[in-house]
Amino acid sequence: MEVNLPLKIIGLGRYLPARVVPSSELEKICKLPAGWVERHNGVRERRWVTDETSSFMAAQAAREALDEAGLKPSDLSLIINASGTGEQAIPDTGALIQRQLGLGKSGIPAMTVHNTCLSFVAAMDVAANFLNTGRYKHILIASADVASCGINPKEPESASLVGDAAAAVVVTRSGAGDKSMVHNAHLKTYGDGAYLTAIMGGGSARHPAKPNHNPDDDLFHMDGPAVLRMVRGIAADYLDELYPNLSKGLGDIDVVVPHQASKVGLMMLSRFGWPQDRIMSTLETLGNCVAASIPSTLYQAVRDGKIQRGDKVLMVGTGAGLSIGGLVMTY
């Protein structure tokens with residue numbers, strides 16, 4: 001879906017917890033044979049928090065992004081938390097990020113765009129529209145996910161996938177003559193898949209204070225094979241709606257930054273004729289970091305020189321909902 005909205009990423013930041021968790025540790029937790037995790041999920045290691053909170057990680061990533069943008073936190077006009085996991089039920093994590101940045105008395109608006117693993121992509125779309133109304137000048141988008149707290153050892157496929165990370169961007173409206181732009185953006189949701197990926201507890205339906213609360217409801221559940229079957233059924237049509245003939249090749253797209261869903265999920269992209277060397281991956285060393293996966297991988301690709309100014313970049317993935325979404329932009 002063509003939108004052509006001027007937007008430029010002027011700062012990038014990332015925060016990774018210091019604790020490196022090798023897959024051998026997950027194999028002990030989940031009672032799996034040696035080498036199982038890397039063979040099945042493609043993850044050699046991931047980062048897990050020790051005492052960090054998601055708002056702390058988001059603020060650390062934000063500071064790096066602000067430094068690169070040449071801005072102070074007080075120069076922000078909007079803060080968007082784009083995370084798949086909240087730090088707590090109330091208040092919104094956006095307010096906690098604002099507070100971590102020393103802006104607790106500033107009045108700078110803070111909010112959340114939440115679409116699980118696609119939160120960053122959705123927030124970029126929202127920010128592009130906000131910037132082009134002229135209402136905001138500098139928008140911080142921060143994705144920080146602590147997924148390690150909710151793993152279920154009874155479900156090793158998903159438990160051995162996830163890692164913790166944060167990444168942030170500062171975006172502004174690109175000026176006259178600047179080619180940076182969001183060209184296409186598209187999101188679709190299929191609620192029939194809502195319970196294929198879920199954490200049932202924590203909300204009003206299965207609140208922990210209710211009688212007979214099941215602690216397993218507070219852990220992450222995913223029926224990976226069912227998710228893949230559903231995605232296979234909708235992906236080709238969706239991709240062509242996002243960008244012409246995308247299901248048959250990348251065309252003029254230089255780089256793909258996909259959600260790091262799983263080894264199988266990344267391999268599935270090759271069925272669309274996308275060259276492997278143009279698909280960025282951090283799955284092996286970071287795992288699936290929920291919403292932070294796409295911006296963390298974008299950060300790595302830019303820092304490694306694989307994405308340059310003027311490159312056309314596709315960010316795409318799936319998330320709980322079941323949702324599928326993507327965005328094509330000139331970086």
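Let me begin with a term: a residue is called buried when its relative accessible area is under 20%, exposed when that area is over 50%, and partly exposed in between, with a 1.4 Å probe and protein chains only. What we have here is a predicted model, in which local features need pLDDT of at least 70 and side-chain atom pairs count only at pLDDT 80 or more, while totals for chains, interfaces and linings use all residues. Residues are numbered from 1 along each chain as its sequence is written, and side-chain values use heavy atoms, with hydrogens and water left out.

I will start with helix H7, residues 224–242, where helices (H or I, at least four residues) and strands (E, at least two) are DSSP runs numbered from the N terminus. In H7 the buried residues are Ala226, Val227, Leu228, Val231, Ile234, Ala235, Tyr238, Leu239 and Leu242. The helix also has a kink of about 45°, centred on Ala235, the bend at a residue being the angle between axes fitted to the seven residues ending there and the seven starting there. Among the elements that cover the buried residues of H7 are E9, helix H8 (263–267), E13 and E14.

That brings me to the largest nonpolar core, which has 42 residues; such a core is a set of buried Ala, Val, Leu, Ile, Met, Phe, Trp, Tyr and Cys residues joined through side-chain atoms within 4.5 Å. In soluble globular proteins, nonpolar side chains tend to be buried together. H7 gives the largest share of this core, nine residues, and the other elements that give two or more are helix H2 (36–41), strand E13 (312–319) and strand E14 (323–330). Leu314 is one of the residues that touch the most other members, and its contacts, meaning heavy atoms within 4.5 Å, include Leu242, Leu246, Trp274 and Leu327. A second, separate core of 37 residues includes Leu7, Ala123, Ile139 and Val169.

Which way do the residues of E14 point? Ser323, Gly325, Leu327 and Met329 point one way, whereas Ile324, Gly326, Val328 and Thr330 point the other way, and all are buried. E14 pairs with E13 in the antiparallel sense over eight bridges, where pairing requires that DSSP finds at least two bridges between the strands, and in this pair Leu314 stands opposite Val328. E14 also pairs in the antiparallel sense over eight bridges with strand E9, residues 181–189, with His186 opposite Gly326.

Elsewhere in the model, five strands form an open sheet of mixed pairing in the order E2-E8-E7-E5-E6, and its edge strands, each pairing on one side only, are strand E2 (8–15) and E6. Strand E5 (residues 78–81) and E6 pair in the parallel sense over three bridges, and Ile80 stands opposite Met111 in E6.

Why does Thr112 count as partly exposed? Thr112 counts as partly exposed because its relative accessibility is 28%. The side chain of Thr112 makes a polar contact of 2.9 Å with that of Asn81 and another of 2.4 Å with that of Asp92; a polar contact is a pair of N or O atoms within 3.5 Å, where, within protein, one must be able to donate a hydrogen and the other to accept it, and residues adjacent in sequence count only if both atoms are side-chain atoms. The C-alpha atoms of Thr112 and His186, 74 residues apart along the chain, are separated by 19 Å.

Notes:
Lists of a residue's contacts leave out its neighbours within four places in sequence.
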